[in-house]
Amino acid sequence: MGFAKTKHPKIALPKDHTLLRQTYEKTEAIDKVHVIKLSTFADDYGGWFKETLRLTPKGYVQALYDLGVKFKFVQTNMSFLAPKTKRFWHIHPNQSEIWTTNGTILLGLIDFRPKSKTYLKKMKVVLSQDKAIYIPNGVAHGFLNPNSKSVTLTYFTDYYFVADENTQECRISPKKLSYKFVKPETL
């Protein structure tokens with residue numbers, strides 16, 4: 001998704017304004033990253049219900065199992081994202097994750113798996129409440145909440161969190177690795 005300058009005969013903006021046309025080209029995906037459409041149902045009061053994950057009888061996440069990925073989570077975590085929060089970059093050597101939100105975040109991914117066919121490929125995902133994303137180990141990820149409201153990120157991991165030298169949470173300096181491609185394009 002992006003924006004392209006455009007003109008239209010039925011629209012006349014002031015001379016110092018630019019008309020932008022929303023573009024919807026599909027970004028080439030990073031190998032083994034899967035964006036999953038979730039079943040979300042609106043209610044009569046302006047709220048919604050979401051079926052986050054369904055498991056197979058053997059405990060695999062059904063939507064991924066259908067894609068050939070055998071993912072069993074061992075822990076569910078939640079992160080509160082204040083308005084305009086950004087977190088960049090982190091990567092897990094062994095841990096894979098599934099993320100979903102109650103709002104919208106802009107997620108950036110970079111493939112750092114040297115044997116991957118998409119090694120060093122970057123990908124931007126607008127992760128909204130009706131989607132989940134599977135992020136395999138070795139794919140760096142970071143995000144920002146561009147909204148004026150808080151968002152909650154819920155994620156499922158296949159490794160337990162530990163706060164010691166065995167942690168799966170490895171950081172990459174944003175001073176060395178730009179995250180500009182993740183930001184909203186018109187801001």
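## Terms and basis

A residue is buried when its relative accessible area is under 20%, exposed when over 50%, and partly exposed in between (1.4 Å probe, protein chains only). This is a predicted model, where local features need pLDDT of at least 70, side-chain atom pairs count only at pLDDT 80 or more, and totals for chains, interfaces and linings use all residues. Residues are numbered from 1 along each chain as its sequence is written, and side-chain values use heavy atoms, leaving out hydrogens and water.

## Aromatic pairs

The structure holds eight aromatic pairs. Rings of Phe, Tyr and Trp (its six-membered ring) pair if their centres lie within 6.5 Å; planes under 30 degrees apart are stacked, over 60 edge-to-face, the rest tilted. Trp 89 and Phe 181 are stacked, at 6.0 Å centre to centre and 15° between the planes. Trp 89 is in strand S7 (residues 86–91), while Phe 181 follows strand S14 (170–171), 92 residues apart. Strands are DSSP runs of E, at least two residues, numbered from the N terminus. Trp 89 has a relative accessible area of 0%, so it is buried. Phe 181 is partly exposed at 25%.

Trp 99 and Tyr 155 form a tilted pair, 6.5 Å centre to centre with 50° between the planes. Trp 99 lies in strand S8 and Tyr 155 in strand S13, so this pair ties together parts 56 residues apart in sequence.

## Ser 116

Ser 116 sits in the loop between strands S9 (105–111) and S10 (122–127). Ser 116 is buried, at 12% relative accessibility. Ser 116 touches Asp 31 and Asp 111, not counting residues up to four places away in sequence; contact means heavy atoms within 4.5 Å.

How values were computed
Helix = DSSP H or I, 4+ residues; strand = E, 2+ residues; numbered from the N terminus.
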